[in-house]
Amino acid sequence: MSALTEFLPTTLAAFLGQHPDIRVEVEEQLSGDIVRALVDGLADVGVFAENTPAYGLDVAPFQTDELVVLCARPHPLARLRAKQVDFKTCLAHEFVGLNRSSSLLELTSRAAEQAGIPMRLRVQVRSFDAMCHMIAANLGIGVVPLAACKAQVAALDLKVVHLKDAWATRRLLMATKTGAALTPATQLLVRQLLASSN
């Protein structure tokens, strides 16, 4: 989901500007659902988080995003003087998270397990926008990709707390189905996506 709001709009605008006769259908999905759509032939190109199993796909690095903790201004984490915290510190608080098939939830759950502290999910939702609204209501803190939530951070006056943990820098991958015959338009789009990768 984060790729749709973070990186694709600018890349797609440039691509469609160069190729005005091509139509692109974009659908926001969780990483696991993107992989399934590619494998099942329901999608031609997908962008998803690195820790998602991607068997049967040709995968290339696409972008990198920073995961941060968001909290409401009255939350105790918002009052910390440190510019960064480790995720283990955050585990003392209740969380707002994405639903169970989210690669981000899998990543944070694995980090909590490695820290030996259970992650207490108070609310689970299906989008970053919904997460931000629940966090703004002080129902918990949440780990989100910063670039995907910048507008909500400003609009809802959320506090951004940067994470020290290495996993907080996350790679996004671009993929197509292995052996799939891509249309010329899809090949052009794949080239554009790869050219825009960091």
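Start by selecting Phe87, which is buried, with a relative accessible area of 1%; buried here means under 20% relative accessible area, exposed over 50%, and partly exposed in between, with a 1.4 Å probe and protein chains only. Residues are numbered from 1 along each chain as its sequence is written. The model is a predicted one, in which local features need pLDDT of at least 70 and side-chain atom pairs count only at pLDDT 80 or more, while totals for chains, interfaces and linings use all residues, and side-chain values use heavy atoms, with hydrogens and water left out.

The whole structure holds two aromatic pairs, where rings of Phe, Tyr and Trp (its six-membered ring) pair if their centres lie within 6.5 Å, with planes under 30 degrees apart counted as stacked, over 60 as edge-to-face and the rest as tilted. Phe87 and Trp167 make an edge-to-face pair, 5.1 Å centre to centre with 85° between the planes. Because Phe87 lies in helix α4 (residues 87–90) and Trp167 in the loop between β7 (159–163) and β8 (169–177), the pair ties together parts that are 80 residues apart in sequence. Helices (H or I, at least four residues) and strands (E, at least two) are DSSP runs, numbered from the N terminus.

A search of the whole structure finds two cavities of 30 Å³ or more; on a 1 Å grid over the protein atoms alone, a cavity is a set of points where a 1.4 Å probe fits but cannot get out, and lining residues have an atom within 4 Å of a point. The second largest cavity holds about 80 Å³ of space, a volume being the space filled by probe spheres set on the points. To find this cavity, select Val96, Gly97, Leu98, Thr108 and Val143, which lie nearest its centre among the 13 lining residues. Two or more lining residues come from each of β4 (94–98), α5 (103–115) and β6 (142–145), and β4 gives the largest share, four residues.

Finally, select the cysteines Cys71 and Cys90. The structure has zero disulfides, a disulfide being a pair of cysteine sulfur atoms within 2.5 Å. The sulfur of Cys71 is 8.5 Å from the closest cysteine sulfur, in Cys90, too far for a bond, and Cys71 is buried at a relative accessible area of 0%. The sulfur of Cys149 is 3.9 Å from its closest cysteine sulfur, in Cys132, again too far for a bond.

Conventions
1 Å grid on protein atoms, 1.4 Å probe; cavity = no way out; pocket = protein on both sides within 12 Å on 5 of 7 lines; lining within 4 Å.
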